[in-house]
Amino acid sequence: MGSFWEYANPKRFTQVVDRVLPAVSGLAVAALVAGLIWGFFFTPDDYRQGSTVKIIYLHVPSALLAINAWLMMLVASLVWLVRRHHVSALAARAAAPVGAVMTVIALLTGAIWGQPMWGTWWAWDPRLTSFLILFLFYLGYIALWSAVENDDTAADLTSVLCIVGSVFAILSRYAVNFWNQGLHQGASLSMDKEENVADVFYIPLLVCIAGFVLLFIALVLLRTRTEIRARRTRALLAREVTA
């Protein structure tokens, strides 16, 4: 594990990000452009949902990232609480705004998709409600980081909040399985081939998901590097003031 924990060193982490970020960003753009063009322009309309079904290429990837971004923050927060590695705390902080945006995209595209299917823009469905609460946790997490001046104290408090909010991240993922009632459909992707969408939609959807995942990684790497440099700058300024 020594080779893994060496990336907890801010200088080492920044050096790695400088090398891999251009490649990850390029792959993200390529996958997103290919997947969205393929999905929106080269797949047929659904026999029941018509062209509305094509919003799946935005809704499903953003919903997956909204949930998994919080779970990534949970892992990073636990690493901070156990190992006190500052890079992990800053990575969790960097991921929060990205996850919040993904949650907004998922909620908006879900409303656009749901209106013609359900006849309403919003319903207090278990998954929709847990998603909305998850978004509020994102906002609370971001606000708490900004409200506490001491970075280590802020990291401690937000880590606890992240652990609590993980309950709603799990509910958002499995709400349809927990409650049979509700308007929301089952999972579009499943280990059971019979529950998956048709292959004509499935393959471009996987490309879009790959693009969203790569975009998330690129943004988190970029924002974490920015957080490290901002903290280093603040430390240098504090030394100059006290000197």
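Trainee: What does the accessible surface of the chain come to, and how much of it belongs to carbon and sulfur atoms?

Mentor: The total is about 13000 Å², and carbon and sulfur atoms account for 67% of this accessible surface. The model is a predicted one.

Trainee: What pLDDT does the chain average, and how many of the residues score at least 70?

Mentor: The general idea comes first: where pLDDT is low, the predicted coordinates should not be read in detail. In this chain the average pLDDT is 85, and 85% of the residues reach a score of at least 70. Helix H1 (residues 2-5) has the lowest mean pLDDT, 63, whereas helix H2 (residues 10-41) has the highest, 95.

Trainee: How many helices and strands make up the secondary structure of the chain?

Mentor: There are seven helices and zero strands. Followed along the sequence, the pattern reads α-α-α-α-α-α-α.

Trainee: Among contacts between residues at least 6 apart in sequence, what percentage join residues at least 24 apart?

Mentor: The figure is 76%.

Trainee: To how many salt bridges does the count come?

Mentor: The count is six, taking a Lys or Arg side-chain nitrogen within 4 Å of an Asp or Glu carboxyl oxygen as the criterion. One of them pairs Asp 156 with Arg 84, with 2.9 Å between the closest N and O atoms.

Trainee: With which residue does Arg 231 form a salt bridge?

Mentor: Its partner is Asp 151, and the closest N and O atoms are 3.4 Å apart. Asp 151 sits in helix H6 and Arg 231 in helix H7 (residues 199-242), so the pair connects parts separated by 80 residues in sequence. Arg 231 is buried, with a relative accessible area of 18%.

Asp 151 also forms a salt bridge with Arg 234, where the closest N and O atoms lie 3.2 Å apart. This pair again links distant parts of the chain, with Arg 234 in helix H7 and Asp 151 in helix H6, 83 residues apart. Arg 234 is partly exposed, at 39% relative accessible area.

Trainee: Which residues do salt bridges that share partners join into one network?

Mentor: The network consists of Asp 18, Arg 225 and Arg 229.

Trainee: With which side chain does the side chain of Ser 166 make a polar contact?

Mentor: A polar side chain should be read together with its burial. Ser 166 is found in helix H6 and counts as buried at 5% relative accessibility. Its side chain makes a polar contact of 3.4 Å with the side chain of Trp 70. Beyond the neighbours within four places in sequence, Ser 166 is in contact with Trp 70 and Leu 74.

Trainee: Which residues does Ser 77 touch, not counting those up to four places away in sequence?

Mentor: Ser 77 lies in helix H3 and is buried, at 1% relative accessibility. Its contacts are Ala 92, Tyr 141, Ser 159 and Cys 162.

Trainee: Is Cys 162 buried or exposed?

Mentor: Cys 162 is buried, at 0% relative accessible area. Cys 208 is also buried, at 0%.

Trainee: To how many disulfides does the count come?

Mentor: The count is zero, the criterion being cysteine sulfur atoms within 2.5 Å of each other.

Terms used: Residues are numbered from 1 along each chain as its sequence is written. Side-chain values use heavy atoms; hydrogens and water are left out. Helices (H or I, at least four residues) and strands (E, at least two) are DSSP runs, numbered from the N terminus. Buried means under 20% relative accessible area, exposed over 50%, partly exposed in between (1.4 Å probe, protein chains only). A polar contact is a pair of N or O atoms within 3.5 Å; within protein, one must be able to donate a hydrogen and the other to accept it, and residues adjacent in sequence count only if both atoms are side-chain atoms. Contact means heavy atoms within 4.5 Å. pLDDT is the predictor's confidence in each residue, from 0 to 100. Accessible areas come from the Shrake-Rupley method with a 1.4 Å probe; for residues, only the protein chains shown count as cover.
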